[in-house]
Amino acid sequence: MRSSVRRGEMAKSTQLIDNEVFRAYATYTVIVLLKMMLMSLITAYFRITRKAFVNPEDTASFGKGDSAKKFLRTDPDVERARRGHLNDLENIVPFVGIGLLYALSGPELSTALLHFRIFAGARIFHTLAYLIPLPQPGRGLSWAVGYSVTFSMAYKVVKTVLLL
Amino acid sequence: MRSSVRRGEMAKSTQLIDNEVFRAYATYTVIVLLKMMLMSLITAYFRITRKAFVNPEDTASFGKGDSAKKFLRTDPDVERARRGHLNDLENIVPFVGIGLLYALSGPELSTALLHFRIFAGARIFHTLAYLIPLPQPGRGLSWAVGYSVTFSMAYKVVKTVLLL
Amino acid sequence: MRSSVRRGEMAKSTQLIDNEVFRAYATYTVIVLLKMMLMSLITAYFRITRKAFVNPEDTASFGKGDSAKKFLRTDPDVERARRGHLNDLENIVPFVGIGLLYALSGPELSTALLHFRIFAGARIFHTLAYLIPLPQPGRGLSWAVGYSVTFSMAYKVVKTVLLL
């Protein structure tokens, strides 16, 4: 009986989800991925309000023939939202992948939180700077901050695990 | 001896890969990622059959100069497959990232399977709706279903692990 | 006392990061993700040297009105780097996701290293073939090699964990 209880405890103590650094990683990963997913809604909002679509079947409800065809066009706001979305993919994918390995490489909780918070803040600022838009170098700097955080985590991972 | 056997057992019992929810996550993640990879082959198929390329070096086998240059063009079917591919990236990346954290957050197997099956089904339907193409709102609804599943998993993760 | 020491050992022995296959996965994942991130710098380099931008706020430092507007244009080198970046996203995302599950599915270290090394080499070659550019089928073959490695890992994962 005692032995099975102890076994349960140990199994529990090795659960990733009970590790504080991993919980912080999970929280910030969900935040930045939801922020990225928000870009789909913003693009859809601009497509509908600006009436700018790309697929013929998306304009069928506006009528037949030429009356619908004129809505198959590009719009600056739609394209801007799409560029923000692609930039998120390019930067948030490395954060999620490298961040997972970083969280497993045993960093201090305070150091890990610093990385995760700066990255999330930088990417939220990047989206605002892209959509408003703010004058440069606002957007450029927020991109560079997020990039540097991911690079710093990559350095810690490689230093800890290197096996080529 | 007995102690080392027991140690082995315990180590085994905490292996992620022996956890049923994690096995389900792994199975459906492989399915949706392979489905996403299939988009590359579909794009390549349309590029070759429609003779529509973007890199000059890709048309070199069609001859020199103007005879090859005319194949550097866009084609509606190629662009459609490419948009489907990008939409996969935008939606499957959050599923893979949030789904991993969800699988580790200790959901019921039946609830987890429900999420994974609906997401995979919605994304496969989305691809068919995009490529055939089906009239709207077929594609839009399948997108929304996949989006909602990912959001539901994100909610469960945040409720379980929140550490800001 | 002894019991708590032993508990510590066991917890340690089940740490993912102490597993050799997982360390190899972490090393190569960081390498390919950093390579993908490098594409952002290459695109920025071409945008600045070719003076080819897409956002009006990015050309503000070149003056006002028409003198700045002429830099809102596409450039073949910029577009080439962007296509290479998107191709990385399409191929490295499946590698990172499927590779993680593969690393957890208990492959031999030598087999795993073979997969990871070939994939990383193929993707580095793919980038060189895209940017130089090398004549086809150089780029096409390197793409196919990386694709096949990911497919091989997916097969091993499904064979090990299948739970539909």
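Trainee: Helices here are DSSP runs of H or I with at least four residues, numbered from the N terminus, so where in chain C is C:Pro133 found?

Mentor: This is a predicted model, and in it C:Pro133 is found in the loop of chain C that runs between helix H5 (109-131) and helix H6 (138-161).

Trainee: What is the peptide bond from C:Ile132 to C:Pro133 like, cis or trans?

Mentor: The bond that leads from C:Ile132 into C:Pro133 is cis, with an omega near -20 degrees. As background, most peptide bonds are trans.

Trainee: And which kind of peptide bond joins C:Gln136 and C:Pro137?

Mentor: C:Gln136 and C:Pro137 are also joined by a cis peptide bond, where omega is about 5 degrees.

Trainee: What does the UniProt record say about residues 21-46 of chain A?

Mentor: The record, an unreviewed UniProt entry, annotates residues 21-46 of chain A as "transmembrane region". In the model that stretch of chain A is 100% helix and 0% strand, and its end C-alpha atoms lie 38 Å apart.

Trainee: How much area do chain A and chain C bury between them?

Mentor: Chain A and chain C bury about 3000 Å² between them, and carbon and sulfur atoms account for 71% of that area. On the chain A side, A:Tyr147, A:Leu163 and A:Leu164 supply 21% of what chain A buries against chain C, which is more than any other three residues supply.

Trainee: How many residues does each chain bring to that contact?

Mentor: Chain A brings 34 residues and chain C brings 38 residues.

Trainee: How many salt bridges are there between chain A and chain C?

Mentor: The count between chain A and chain C is 3 salt bridges. One of the salt bridges pairs C:Glu57 with A:Arg80, whose closest N and O atoms are 2.8 Å apart. There are also 11 residue pairs in polar contact between chain A and chain C, counting pairs with both residues at pLDDT 80 or more.

Trainee: Which elements of chain A give two or more residues to the side that touches chain C?

Mentor: Those elements are helix H1 (2-13), helix H4 (76-104) and helix H6 (138-161) of chain A. H4(A) gives the most to this side, with 12 residues. By type, the residues on the side of chain A that touches chain C divide into 23 nonpolar, 5 polar and 6 charged.

Trainee: Now the other pairing: what does the contact of chain B with chain A look like in numbers?

Mentor: Here 34 residues of chain B are in contact with 38 residues of chain A, and the two chains bury about 3000 Å² between them, with 71% of it on carbon and sulfur atoms. Chain B and chain A share 3 salt bridges, and one salt bridge brings together the side chains of A:Glu57 and B:Arg139 at 3.4 Å from N to O.

Trainee: What rotation superposes chain B on chain A?

Mentor: Chain B is superposed on chain A by a rotation of 120 degrees with 0.0 Å of shift along the axis, at an RMSD of 0.0 Å. That is the relation of a three-fold axis. A rotation of 120 degrees with 0.0 Å of shift likewise superposes chain A on chain C, again with an RMSD of 0.0 Å.

Trainee: Last topic: how many salt bridges does a search of the whole structure find?

Mentor: Over all chains the search finds 21 salt bridges. In chain B, the side chains of B:Asp77 and B:Arg50 meet in a salt bridge at 2.7 Å from N to O. B:Asp77 lies in helix H4 of chain B, while B:Arg50 lies in the loop between helix H2 (20-49) and helix H3 (66-69), so this pair ties together parts that are 27 residues apart in sequence.

Key. Residues are numbered from 1 along each chain as its sequence is written. Chains are lettered from A and ligands numbered from 1 in the order in which they are written. This is a predicted model: local features need pLDDT of at least 70, side-chain atom pairs count only at pLDDT 80 or more; totals for chains, interfaces and linings use all residues. Side-chain values use heavy atoms; hydrogens and water are left out. Contact means heavy atoms within 4.5 Å. Buried area is the accessible area (1.4 Å probe) that two parts lose on being put together, summed over both. A salt bridge is a side-chain nitrogen of Lys or Arg within 4 Å of a carboxyl oxygen of Asp or Glu. A polar contact is a pair of N or O atoms within 3.5 Å; within protein, one must be able to donate a hydrogen and the other to accept it, and residues adjacent in sequence count only if both atoms are side-chain atoms. Ala, Val, Leu, Ile, Met, Phe, Trp, Tyr, Cys and Pro count as nonpolar, Asp, Glu, Lys and Arg as charged, and the others, Gly among them, as polar. UniProt positions are given in the numbering used here, feature names are shortened, and annotations may be inferred rather than shown by experiment. Copies are superposed by least squares on the C-alpha atoms of residues with pLDDT of at least 70 in both.
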